[in-house]
Each structure stands twice: as C-alpha cells, then as structure tokens.
Amino acid sequence: MASPPKTARDLPLGAMLLGEGLISEANLERSLVLARASGRRLGEVLVEEGLVDERTLAQFVAEQEELEFIDLGKYDLDPEATRLLPPELARDCEAVAFGFNENAVKVAVADPVDGAALEEIRLALRRPVHFLVATRSEVEAALAEAYGR
C-alpha cells in the first residue's frame, strides 16, 4: 500500500492547488487535457486560462521544488553577478544571476523543474549556486535589464 505524500515535493502541482482551494476539480481536469494536447506544462495552461496568477504558480512550484521564492523586482541586479552567466545561456535557461550570498551565486529561475538547465548553469558558473524561483515575467524583465533586449 502506498504511503500518503509527506511533503509538497511528493504532491503533483494540480493536487497542491486543488488542496488549497485555488482551482476546482473541473478546471484542473480541463487544464490537464489542454496541457497534454498542447505539450505544455499544467502551470502554463493554468496561468494562460486565468485560473492561477503567475506569482501564485511560482510560489507553489518553489514549494514543490523545496526552493525559496523571490520577488525579483524588489532587488537590484549586481552587475558582477550578471556578468558571470553568458547572455544566451541566461535567456535559454530563463535564469538571471543577480547577487551573491556568503558562499554562492544567487540565481533566479523561472523554471526550477528543468534539471538540464540548472545543470548547465552550474557548469557555466563553476562555483556554488543558490537557486531561487521567480515569476517568468520578473526573470524576463531582469534579463532585459542585465543584457538588453
């Protein structure tokens, strides 16, 4: 017999949102069908359909991935940090190196589920990385600020 989920990481995103009362079962089912049919992720569909806002989605994904959520728009980008990631890689991975903590480069990502992208960032930086989750629009705005359009 399967044991019940113990952490947010054990729960699918849809189940988390449903459990919090943020979406209905009917909306979840419809969104899952749309996601499968289009090859997109559930979260993208939920945001596009106006069922969940981008910030709420990012906060739940952060919780699910056991990462911190950051309101990136409230931080100044450290030019020394942004220079560490090549612009093309940063855009491809939807990530921006924005600062430092005691022992790592702080990198905000829009998609913390993309393990290949996170690994590419680690390899490019060649130093410890502290990943945080931000909304896609905040990461895009920070990328435009750091590297231009």
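Guide: Here is a walk around strand 3 and its two partners. The model is predicted, so local features need pLDDT of at least 70, side-chain atom pairs count only at pLDDT 80 or more, and totals for chains, interfaces and linings use all residues. Residues are numbered from 1 along each chain as its sequence is written, and side-chain values use heavy atoms, without hydrogens or water.

Strand 3 covers residues 105-109. Strands (E, at least two residues) and helices (H or I, at least four) are DSSP runs, numbered from the N terminus. Five of the five residues in strand 3 are buried, so the rest of the structure largely encloses it. Buried means under 20% relative accessible area with a 1.4 Å probe, protein chains only. Val 105, Val 107 and Val 109 point one way. Lys 106 and Ala 108 point the other way, and they are buried too.

Now the neighbours. Two strands pair if DSSP finds at least two bridges between them. Strand 2 (residues 95-100) runs antiparallel to strand 3, joined by five bridges. Ala 97 sits opposite Val 107.

Val 129 is the bridge partner of Val 105. From strand 3 the chain passes through helix 7 (residues 115-125) to strand 4, a right-handed β-α-β crossover. Right-handed means that, with the strands pointing away from the viewer, the path from the first strand over the helix to the second runs clockwise.

Technical notes: Buried < 20%, exposed > 50% of the residue type's maximum accessible area, 1.4 Å probe, protein only.
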